[in-house]
Amino acid sequence: MLPLLNLVPVSKFSSFHQRAYQCFSSATSFLQKDTNFSTLFNSCVNVNLTKQLHALLIVFGKSQNVVLSTKLINLYVTLGDISLSRSTFNHINKKNIYSWNSIISAYVRFGRYNEAMNCVNQLFSNDLRPDFYTFPPILKACVDFDDGKKVHCCVFKMGFENDVFVAASLIHLYSRFRVLDVAYKVFVDMPVRDVGSWNAMISGFCQNGDAAGALGVLNRMKCEGMEMDTVTVSSILPVCAQSEDSVNGVLIHLYVLKHGLDTDVFVSNALINMYSKFGRLRDAERVFDQMEVRDLVSWNSIIAAYEQNDDPKTALRFFKGMQLVGIQPDLLTVVSLTSIFSQLSDQRVGRSIHGFIMRHEWIEKDVVIGNALVNMYAKLGDMNCAHTLFDQLPRKDVISWNTLITGYTQNGLASESIDAYNMMEECINIVPNQGTWVSIIPAYSHVGALQQGMKIHGRLIKNSLYLDVFVATCLIDMYGKCGKLEDAMSLFYEIPRETSVPWNAIISSLGVHGHGEEALQLFKDMLAEGVEADHITFVSLLSACSHSGLVDEGQNCFDIMQKKYGIEPSLKHYGCMVDLLGRAGYLKKAYDLVRNMPVKPDASIWGALLSACRIHGNAELGTLASERLLEVDSENVGYYVLLSNIYANTGKWEGVVKVRSLARDRGLRKTPGWSSVVAGSKVEVFYTGNQTHPKYAEMYRELRVLSAKMKNLGYVPDYSFVLQDVEEDEKEQILNSHSERLAIAFGIISTPPKSPIRIFKNLRVCGDCHNATKYISRITEREIIVRDSNRFHHFKDGICSCGDYW
DNA sequence: GTAGGGTTAG
């Protein structure tokens, strides 16, 4: 009743009340002692009128009439005032079972289960005998207590078990306690079932996520000739949404229309949510448009629909519409808002939502809202705020931790992410879940922490979670990124692969290892197994072609992606194509592609072109690309470095000086280059030019010896990779102190002879170091695996797997 | 005069 009142437009609201008041006044002006007061209750549409009626009952000496008092109790509850219900109840001298039932169900309706149970205990200590009506509310209250079984025994002893209302409550209770077999037993033992009994059983399965069970019961219901009602439909629709069963979902929608169930708010809300999950926003909006009455859930649902389907602007428009009709946002509205403003990258409004939440003290109320805020700050790239807020959360659950860990990983702060994960593992009450694994494994991949990643893999094997497609995909990616391509492959063949997700990961792994042909073959296999390619598949594929110099194949993929799959190329796809053409030396073609793009090229596109210019020493186009680049992103220092590289390689030292001073003026500093090497179970990190390592002298000696041997075999240092304008012998010294060279030297002196060396570099590997590593692999008879920010290089017997093409 | 089974989340 109450929410309905809220929905009456303000203009109509007053006349609605006026009418009720007139009705009430004209009825009460002729009151006599023997009036039938019951009829007056219908006019009491608000608490004030009810209070007046209450006063009249007292004046006419009817306040001890248990029938009228019980009516009052119920009326006050309907109007939302439980304390008036309670005082009315207290004033009855001779309470009967009706009044007890009313006050108990009143408390249950308000979720005040403790008080409901107190009443129950008082009732039991009186001489009154509970009846059929007493138990359903009690059973509902039992979800907060563990004595459901005790109440069931009581129900059983009193012979109420066969009452359809009591049985439905029992089914509901056992479902809530996740003992579906007992719930099902109650259900099948019922001698007579009404639609409510079927609904209780169906929703029991639904709320335990058992779609098949729910649909099974629904089917039987149909066979027995029982028609679905609004409750059945609103229980089953979320299941269709969750199991992506659009066939049944749409069939049920047709049923709804045919039987006129669409006037029910619950049904329409469930339909909106279902269509939203299917990504069918037009259908969701049509349902919303056709609703006669919309409540808070309807608005929240349509807002969330657009928010979750990446249309924050429309979501915001609906939020404004909601404010316009005077519906107050609740916690869930605000959760959507946090996501909307992180999608819109709107820091300012994001902060104001934070303020709004603080003013309403909602952080204390529900952990979800705090998590949503942490997530918002993380998505806005402000990990300081995210972490501060996280520390202040009054309650943290596993999702709070996952949000923090993911935030760090996605902002490229892998070691902070790992720190957060380690802190989480110290909390005894937090159990990591799927979300934890998919946020921590990528962090391990990022820093190449293979050992830790494998430890998690081992842990996941025990609970079979490694078969979860998302977790497994992270593991595949990790093995790929840590150089264990065979392990990535064998895991890939172990797991279910009906969706594109694991395929994309393995194709991308093959790509960064330079196995373009195999990547193309896997793409064919994927299609042969009937798996549909998506836009990410093509990013992986195009980048695989690019790494292997498969220009024609890449071009072909780019074409069929649009023509056969109808996928519009995104910036990522264009980036891959520019990279593919540029690296292969088709600089003009690459530039033409950029000029004719229907979308505005961003920094990554110009960056790809610029790095192609560096490879092919085209200073002219390089300068042009970098000019465009600095227009769209003048903050990224990497691009200044690339341009200064081009100038250095072409001997234009004045250009180098110009770029450097430009970067300096803008307060940008070069990202320090570092390389790490795995020695035993430890990971050692080296910075370029770092001479403070305890074993530096030993490493440097090793490098001198190697250098002499390399020169005998024909190695000539390539000084164009030295950016400083210094003397020749100093240049050699500089090359020898590159971080990747230091890491290799450390690997050689601290691991057994002929064992493989694994190196990670945060930037791209230097060209001279690449050449030198080939010689080193031959001299030391070692396999050297270098992963740089772009791809893998496997050095063996003096050659590199990338064929010097990178 | 009183009762059951239903929709939205990080």
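Analyst: Happy to! Let's begin with strand 5 and strand 6 (residues 799–800), which run antiparallel and are joined by 2 bridges. Please keep in mind that this is a predicted model.

User: Which residue in strand 6 is the bridge partner of Phe-795?

Analyst: Strand 5 and strand 6 are antiparallel. Within that pairing, Phe-795 has its bridge partner in strand 6, and that partner is Cys-800.

User: Which residue takes a positive phi in the hairpin of strand 5 and strand 6?

Analyst: This hairpin has 2 residues between the strands. The positive phi, near 50 degrees, belongs to Asp-797.

User: How many bridges join strand 4 to strand 5?

Analyst: Strand 4 (residues 784–787) and strand 5 (residues 792–796) run antiparallel. They form a hairpin with 4 residues between them, and Ile-785 of this pairing stands opposite His-794 in strand 5. The number of bridges joining strand 4 to strand 5 is 4.

User: Is Ala-200 buried or exposed?

Analyst: Ala-200 lies in helix 12 (residues 195–207). Leaving aside neighbours within four places in sequence, Ala-200 is in contact with Ala-168 and Ile-171. Its relative accessible area is 11%, and buried means under 20%, so Ala-200 is buried.

User: What separates the C-alpha atoms of Ala-200 and Ile-73?

Analyst: These two residues are 127 residues apart along the chain.

User: Where is confidence lowest in chain A?

Analyst: Chain A averages a pLDDT of 88, and 96% of the residues score at least 70. Confidence is highest in helix 18 (residues 296–308), at 98, while the lowest mean, 28, is found in helix 1 (residues 2–7).

User: How many contacts does the stretch of residues 1–13 have beyond near neighbours in sequence?

Analyst: Over residues 1–13 the pLDDT is below 50. Where pLDDT is low, predicted coordinates should not be read in detail. With that caution, the number of contacts this stretch has in the model, beyond near neighbours in sequence, is 12.

Note on methods. Residues numbered from 1 in each chain as written. Chains lettered and ligands numbered in written order. Predicted model: local features only at pLDDT ≥ 70, side-chain atom pairs only at ≥ 80, totals over all residues. Heavy atoms only, no water. Buried < 20%, exposed > 50% of the residue type's maximum accessible area, 1.4 Å probe, protein only. Contact = heavy atoms within 4.5 Å. pLDDT = per-residue confidence, 0-100. Pairing = 2+ DSSP bridges.
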